[in-house]
Amino acid sequence: MAKQIVMNATGDTRHEFDPADAAAVAEASTRFQQLTGAGFTAAVRRGAGASQLVRHFDPTADETVFFPPLRGG
């Protein structure tokens, strides 16, 4: 199962999907587009303590983390 982890003020929300399920991949892709369109930064984990910023949905990534936009104040 692949995961999309959305960080928020109370912790995170996790969405799992099966990369072999076309409908689930389409839903995950839509979620990726909505979140990045709303200003979230997406990063794919690439090992212990390493991640890579991504600009496009990668259905083969085991785990994608979304960080909310920074707010001043």
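**The core and the helix**

Modeller: Start with the largest nonpolar core, which has 15 residues. F17, F32, F57 and F66 touch the most other members. Keep in mind that this is a predicted model.

Biologist: Which elements give two or more residues to this core?
Modeller: They are β1 (2-8), α1 (22-37) and β3 (41-47). The largest share, 5 residues, comes from α1.

Biologist: Why would such residues gather?
Modeller: In soluble globular proteins, nonpolar side chains tend to be buried together.

Biologist: Back to F57. What does F57 touch, not counting residues up to four places away in sequence?
Modeller: F57 touches Q4, F17, V25, A28, S29 and F32.

Biologist: Now the helix. What should α1 span, going by its residues?
Modeller: There are 16 residues in α1, and at 1.5 Å a residue they should span 22 Å. The end C-alpha atoms of α1 are 22 Å apart, so the two agree.

Biologist: Which residues of α1 are buried?
Modeller: A24, V25, A28, R31, F32 and L35. Their arc around the axis is only 120°, so they sit on the same side of α1.

Biologist: And what do those buried residues pack against?
Modeller: Strands β1, β2 (11-17), β3, β4 (50-54) and β5 (63-67).

Biologist: Which exposed residues are on the face turned away?
Modeller: A22, A23, E27, Q34 and G37 are on that face of α1.

Biologist: What happens at the start of α1?
Modeller: A side-chain oxygen of D21 comes within 3.0 Å of the backbone nitrogen of A23. Just after α1, G39 has a positive phi of about 100°.

Biologist: Switching to strands. Where is V44?
Modeller: V44 is in strand β3.

Biologist: Is V44 buried or exposed?
Modeller: Buried. The relative accessible area of V44 is 1%, and the cut-off for buried is under 20%, so V44 qualifies.

Biologist: How far apart are V44 and F57?
Modeller: In sequence, 13 residues. In space, 9.9 Å from C-alpha to C-alpha.

Biologist: What does V44 touch, leaving out residues up to four places away in sequence?
Modeller: A50, S51, Q52, V54, A61, E63 and T64.

Biologist: Where does T64 lie?
Modeller: T64 lies in strand β5. T64 counts as buried because its relative accessibility is 7%.

Biologist: What is T64 in contact with, beyond its neighbours within four places in sequence?
Modeller: K3, Q4, I5, F32, A42, A43 and V44.

Conventions. Residues numbered from 1 in each chain as written. Predicted model: local features only at pLDDT ≥ 70, side-chain atom pairs only at ≥ 80, totals over all residues. Heavy atoms only, no water. Core = buried A, V, L, I, M, F, W, Y, C linked by side-chain atoms within 4.5 Å. Buried < 20%, exposed > 50% of the residue type's maximum accessible area, 1.4 Å probe, protein only. Helix = DSSP H or I, 4+ residues; strand = E, 2+ residues; numbered from the N terminus. Contact = heavy atoms within 4.5 Å. Expected span 1.5 Å × (residues − 1). Arc of directions from axis to C-beta. Polar contact = N/O pair within 3.5 Å; in protein donor to acceptor, adjacent residues only side chain to side chain.
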